[in-house]
Structure formats: C-alpha cells, structure tokens
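Please look through the sequence and the model before reading on. The report below moves from one chain to the other and then to the contact between them.

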Amino acid sequence: MSTLVLLLATGLGLGGLYFLVASGLSLIYGLMGVLNFAHGSFLTLGAFVGLAAGNAVGAGTWGGLLLGLAVGALTGAAAAAATELGLIRPLYQRHIEQVLVTVGLSLATVALFEGIWGPNPRPVTRTAWLGSTTEVLGARVPNTAFLNVLAAAAVLCGIVAFLRYTRYGLIIRAGVENRAMVTALGIDVRRAFTLVFAVGGAAAGLGGVLATQSLNYVSPHLGASLLIFAFIVTVIGGMGSLTGAAVASVVVAVLQQLANFYLDNTGDLIVVLLLALVLLVRPSGLMGRPA
Amino acid sequence: MSGTPVLRVRDLTARIAGQEVVHGVTFDVPASGVTAVLGRNGVGKTSTLRAVLGLIERSGEVELDGVRVDAERTDRIVRRGVGYVPEDREVFAGLTVAENLRLADRGGSGGATPERRALVDALFPDLVARAQQRAGTLSGGQQQMVSLARALLNDNRILLVDEPTKGLAPRIVGEVAEALAAAAQTVPILLVEQNLQVVERLAERVVVIDAGRVVHTGPARELLDDADRVQRLLGVHAERPADETAEPEAAR
C-alpha cells in the first residue's frame, strides 16, 4: 500500500513538472500552430538563471528559492517573447520553417549552455525541507512532489483565470478556434502570439527551477529530457487543450512511475505505447478538437 | 451610380495555395445601399471578398474611402471600418454569445456605443436571452445572427456579407434579410448572395462574377428582369416575389 501511495505521489509531482512545460506547448500550438522545439531551452535557461539569482541571496533558503522561482519564470518569459518576436514572427504562416527554426534554436542553445555552464550536471543546494520527505499513509513522499503539484495547480488556475477573465484571454481562446476570424474582427493577433509565448516560457522557466529541486541537479540537457515527455503529454491531452494537458500530465507521469516499479523500468516504453494507442483510437487527443 | 464610392477594387487578383482563383476583378461599391456579388458556385465570389480583406494572397488595388489599403494587414483594414460577415458564420463555438460580441467590439469611438448595442439588441432579441449560451450550441440561424451582430456592433464604413442566408430555413432567411435591410439604412453593404429573392429585395446594384472575372455590373433590377441573361450568367431562373414592382428595401 505504502509503495503504491509513494508511486502515485511521485507520479503527481512529476506530472506537475510535465504540465508546466506542456501547458505552454499546448497553448502555443493551439493558437499559432507552431510546434516549439525550443521550449526546453526556456526551461533550462530559467533553471540556470533562476538558481543563480536564488544562490545570490542564499543557497538552500526559502527566500533564495522564491526569488529563484520568480527570476526563472521571468527569464523563461523574456526568452520566449524574444524568440517569438525575433525568429517566429518573421516566418509567420510558414509553419515548416518555424518548426525548423525552433529545432535549430534548441540545438544551438544546448551548445551555448554547455559553453557557459559546462556539459556536466551540477548539484544544487535545496532547503532542508525540500531535501526531506513527509509520511503519507505509510509512504515517505519527497517534499518536492508537494511543491511541484502546488506550483502546477497554481499555474493552471492562473492560466485559466487569465484565459477566462481578460481580453487577451478571450482573444487567445478565440484564436485557438479560428485565428483568421479573430484577425477579421480587427484584432492584431500577433500581440496574443507574443503573450502566449511569454506565458508558456514563464511556466517553463518556473518548471525548470522546480525540476532542479526534484532532481537535485541542473544541467544544460534538463529541458531536452523533459520536453520529450511534455510533447507526449501535449499530444495525448489534445493539442491546444489546457485541461487535456493537465489530465494527460498526471496520467502519463503516474503510468510511468507505476510501470517503472512494477514492470521492470518500462515506464518510457509504456508511455510511448500509450501515445501510439491514443493516436490510433483518438487522433485529436483526449480533449482536443477533432480536425 | 453617383458620389464617391466607399470601396474601389481595381484589377484584384487572388490566389489560394498558389493557384489564381480571381483574375483581375474591377468594381466599385457606392457609399449607400446594397451591392450584390452574384455568380455560380465556385466562381470566386467569396475569394473576392476575402481578397479585399487581405485574408488570402492578393494583388491589385483596393481603396477604402479613397485610401489604398491593399498593402495593409487584415486587422488594420477592418479597423478602418470594415465589418465582415463570413460564409458559414464562423462564430467562435467555444465562446458564449456575449463573449463573441465582446470580442468583436473594436473599442474606441468606432466600437460598440450604447446606441449600437441597443440597435443590435433590437434587431436580435433572441441573442440577448441567449447571451450566456455557447455559440456552438446555437442553431444555424442564431449563429448567423451572432455573425451579423458582431459586424453591426461597430461603426463601419462598409459591411462585407458573404452568403448570409446559406443553409437557413425560409423563415430565418426572411429575418436575416430584414436585419440586412435595416443595417443597409446606415451602412453600405457588399453582399455575396445566391438567393435571388433576397437579392431582389435588398440590392440596387449587382456585380456578376464568372470564372474569377467580372462579366456584368449594373442595376439589380435590370439584370433580374432579364430572365435570359440571368439564366446565361447565373445558370438559374430568377424566381420573382409576388410584388414584382417592389423597390429594394434597402433603397427605401
């Protein structure tokens, strides 16, 4: 019983990280039709810069962590907005070229990060609480799992509130359905593009700092390793569906944890099989709109 | 035709996926009344409207109120005062009726003033009652009302209306035509329409397109009174309403 609880709790924590990356991917694809392979770079950059800021005020302190999370989110947002303005916008409506640019950017930035921070993982200093566990129904659950779930829930609520109660949220929801018609109502949808990139980048940057707390290291390859599963989550949830991304994040992460424990470390394989199954049975994903 | 046209289109060519579908059309839309764009299915009527707005690749000249707009983005052209009611409604299905209308409000002095809101509410009382209903759950006729209301909320110099009665029940066709007639009292309309009874009821002028080219322009009545020409240009027989001497409503 305690093993199952532990697997479910750590699965939820991992799902929180997946959601923080997948939410941005899903919004960006839903509104703009851009598969953003550079999204992992926003996460990695947010992690490195956020940690540096946090360490500057106190490594292993709550103040340092909170500052790190804020700086990580801002860094991710700035990097994403700059990417949209500088690289994506000039290629508007040229989707293949946009995808190729993001692929190139992801490769180049990993090399850049290796050049700046070195190729090897670096250990991070966590607060004492984040480095320990809490007993839940007999299972000793890592406290980072609680933080990840809390952060993912806060980001989900924040994005939902933004989409539901703001004018730009309205534009984004409409743009996900029919971008051309939004333009035909006299709305410059490009501003919404930049905003969606920035929001997605902020969530990724936040996820980057949180991932370092869970993994206890930071590395130039941090984003790339999470991005693969975030893409799987996005496709399973339904491209463009935030709720779908949230549900799929939990399903994928929990399944991965269970399979890794009970089926001899086959978590990654099971997740890819689930992806194939969803694509065969329901190509638009769990909550995506049929094409 | 008298006065300066609100919309001048010169040698407009449009392409979809690299294929030319409109081949240098030229026409004017006067500053009042309804100008109907007629033609068989697939001859380029919708593409012409979409090209005027810059929604598809185009070349040629488009002048709105004497200002060249063909190099401008769609949203800028619309903000100059062009209301667009697309073919197949294109309401945002996941948004409520109120959200669809809120989105369409261009704001500022050209946006939804209390007077324009009152006009829209008076024209489409059903939408007031259904304000919180998702637009995707509305009937086709109600969705058409949302689409028209989105355009009428703002202060426009011209409305581009694309097949507003397509696929609607006869009773709803009448309601849509009434709403367009009311709108035409305040703003000129460029109307793509297949239903010749609606054209006869609303339009004063027609532009006939065939195979992506303008093949006829002139008074609506002159064309509709000529059954042979209607058959030749449009491939249909003009079905006349009971009162054949009636003036177009929009002209009254």
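How far apart do the end C-alpha atoms of residues 145-163 of chain A lie? In this predicted model, they lie 27 Å apart, and the span is 100% helix and 0% strand. Residues 99-117 of chain A are likewise 100% helix and 0% strand, with end C-alpha atoms 27 Å apart.

A:Leu17 has its place in helix 1 (residues 2-32) of chain A. A:Leu17 counts as buried because 29 C-beta neighbours lie inside 10 Å, and 20 or more are enough for that label. Leaving aside residues up to four places away in sequence, A:Leu17 touches A:Asn148, A:Gly207, A:Leu210, A:Ala211, A:Ser214 and A:Leu226. A:Leu17 and A:Gly244 are 227 residues apart in sequence, while their C-alpha atoms are 15 Å apart in space.

Two other residues of chain A deserve a look for their backbone angles. Most residues other than glycine have a negative phi. A:Leu137, however, has a positive phi near 50 degrees, and this residue lies in the loop between strand 2 (133-136) and strand 3 (139-142) of chain A. A:Leu137 is exposed, because 12 other C-beta atoms lie within 10 Å and a residue with 12 or fewer is given that label. A:Asp264 also has a positive phi, near 60 degrees, and lies in the loop between helix 10 (242-262) and helix 11 (267-281) of chain A. With 8 C-beta neighbours inside 10 Å, A:Asp264 counts as exposed.

**The sheets of chain B**

In chain B, an open sheet of 4 strands has the order 2-1-4-5, with antiparallel pairing. Its edge strands, each pairing on one side only, are strand 2 (19-29) and strand 5 (67-68) of chain B. Strand 1 and strand 2 of chain B form a hairpin with 2 residues between them, and B:Ala17 in the turn has a positive phi of about 50 degrees. Which residues does B:Arg15 face in the neighbouring strands? B:Arg15 stands opposite B:Glu20 in strand 2 of chain B, and its bridge partner in strand 4 of chain B is B:Glu57. Further along the sheet, B:Leu64 has B:Val67 in strand 5 of chain B as its bridge partner. Helix 1 (residues 45-53) of chain B lies across strand 1 (7-16), strand 2 and strand 4 of chain B, and runs at about 110 degrees to strand 1 of chain B.

Chain B also has an open sheet of 6 strands in the order 6-7-8-3-9-10, and here the pairing is mixed. The edge strands are strand 6 (82-85) and strand 10 (213-219) of chain B, and the twist averages 15 degrees from one strand to the next. Within the sheet, B:Leu159 stands opposite B:Ile189 in strand 8 of chain B. Helix 6 (residues 140-152) of chain B lies across strand 6 and strand 7 of chain B, at about 175 degrees to strand 6. Helix 7 of chain B lies across strand 3 (34-38), strand 7 and strand 8 of chain B, at about 155 degrees to strand 8.

| Strand pair in chain B | Sense | Bridges |
|---|---|---|
| strand 1 and strand 2 | antiparallel | 8 bridges |
| strand 1 and strand 4 | antiparallel | 7 bridges |
| strand 4 and strand 5 | antiparallel | 2 bridges |
| strand 7 and strand 8 | parallel | 4 bridges |

**Domains and the contact between chains**

Chain B is divided into domain 1 (1-81 + 158-239) and domain 2 (90-155), and 23 Å separate the centres of these domains, taken over C-alpha atoms. The contact takes 12 residues from domain 1 and 10 residues from domain 2 of chain B. On the domain 1 side, the largest share, 5 residues, comes from helix 7 (residues 170-184) of chain B, and the residues of that side divide into 9 nonpolar, 2 polar and 1 charged.

Between the chains, 19 residues of chain B are in contact with 14 residues of chain A. Helix 2 (74-79) and helix 3 (97-104) of chain B are the elements that give two or more residues to the chain B side. The residues of that side divide into 10 nonpolar, 2 polar and 7 charged.

Notes:
Residues are numbered from 1 along each chain as its sequence is written. Chains are lettered from A and ligands numbered from 1 in the order in which they are written. This is a predicted model: local features need pLDDT of at least 70, side-chain atom pairs count only at pLDDT 80 or more; totals for chains, interfaces and linings use all residues. Two strands pair if DSSP finds at least two bridges between them. Two residues are in contact if their C-beta atoms, placed from the backbone, lie within 7 Å. Axes are lines fitted to C-alpha atoms, for helices over the stretch in contact, and angles run from 0 to 180 degrees between N-to-C directions. Domain bounds come from an automatic or database domain assignment. Ala, Val, Leu, Ile, Met, Phe, Trp, Tyr, Cys and Pro count as nonpolar, Asp, Glu, Lys and Arg as charged, and the others, Gly among them, as polar.
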